[in-house]
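Thanks, everyone. I will talk about aromatic rings and how they pair, then about charges over rings. Please have the model open.

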Amino acid sequence: MIKAKKHFGQNFLCDKSVVDKIIQAIPKDTKNIVEIGPGLGDLTQELLKIPQAHIRAYEIDKDLIPILNKKFQNEIEGGNFELIHQNASDAFDQGSLSDKEYFLVANLPYYIATNLILKALEDQNCLGLIVMVQKEVAQKFCANEKESNFSALGVLCALICQRQMLFDIQPQSFNPPPKVTSAVMKLIKTTHYQQKCENIEAFKEFLRACFQNPRKQLLSNFKNKKEKILKAFEALDISSTSRAHEISVDSYLKIYDYLKDDYERRKQNSRTKQN
């Protein structure tokens, strides 16, 4: 019997009702689906029942590969299931999880979930995702301005996605049960970062600065750029005492316009040093 490996963050989903809810939430007419970490294949099995769908799954655990190959031998031979033994994070770094537009469906390991979601958001071939993650992570991605858990993740996600918290999952739905409550969220892309921001890496650095002390006034995070921030606040009719979570996504883009030369220059200098 295969046991979940802690170093891979494995918690195998074993609740059929949860799987059914996920399948029902996948947009109609979805043809290309990518799954990260199929585990023992419970979700994969149901994904393969979607009419005319092609499933590509990335599995990092070499011990699970022969099990999945055997379980889905017919689907692999039939060409509608592709199993890849690779770390999905490495695949993202090489470009995209697919050479076609795809929808991501996955039970993501907690320790790397945030990183994988951010990479999926940047992948232009990814149309959207339905993922199981730690509930606190889902709340951060789906939070709105003025909510206490609104963060840089919420800003980045809201820039390009329609966001929805679907439902919670209790620990007993997994084997082994995690120590926290999980949640499924649905993110549907409406645009790409390139259409919103010319240099997303510089913008992300700006957001990190904005939220480094979320309980303090935003202005206190930019002591050496105070004049530019105040100028932006005045132009946008934002109170100088505003905190990071109180400012809208659109306002962040506009504030960044006042500072982007500084951040893009810093990014350029960093790349020059690396080369």
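First, the term: rings of Phe, Tyr and Trp (its six-membered ring) pair if their centres lie within 6.5 Å, and planes under 30 degrees apart count as stacked, over 60 as edge-to-face and the rest as tilted. This is a predicted model, where local features need pLDDT of at least 70, side-chain atom pairs count only at pLDDT 80 or more, and totals for chains, interfaces and linings use all residues. Residues are numbered from 1 along each chain as its sequence is written, and side-chain values use heavy atoms, with hydrogens and water left out.

How many aromatic pairs does the structure hold? Ten. Take Phe203 and Tyr256: the ring centres are 5.2 Å apart and the planes are at 75°, so this pair is edge-to-face. Phe203 belongs to helix H10 (residues 200-210) and Tyr256 to helix H12 (residues 249-274), so the pair ties together parts 53 residues apart in sequence. Helices here are DSSP runs of H or I with at least four residues, numbered from the N terminus.

Phe203 is buried at 0% relative accessible area, and Tyr256 is buried at 2%. Buried means under 20% relative accessible area, with a 1.4 Å probe and protein chains only.

Next, Phe211 and Tyr252: with centres 5.6 Å apart and planes at 35°, the pair is tilted. Phe211 is in the loop between H10 and helix H11 (226-236), and Tyr252 is in helix H12, 41 residues apart.

Last, the charges. The charged end of Lys21 sits over the ring of Phe167, 4.9 Å from its centre; the criterion is NZ of Lys or CZ of Arg within 6 Å of the ring centre and within 35 degrees of the ring normal.

Terms used. Helix = DSSP H or I, 4+ residues; strand = E, 2+ residues; numbered from the N terminus. Buried < 20%, exposed > 50% of the residue type's maximum accessible area, 1.4 Å probe, protein only.
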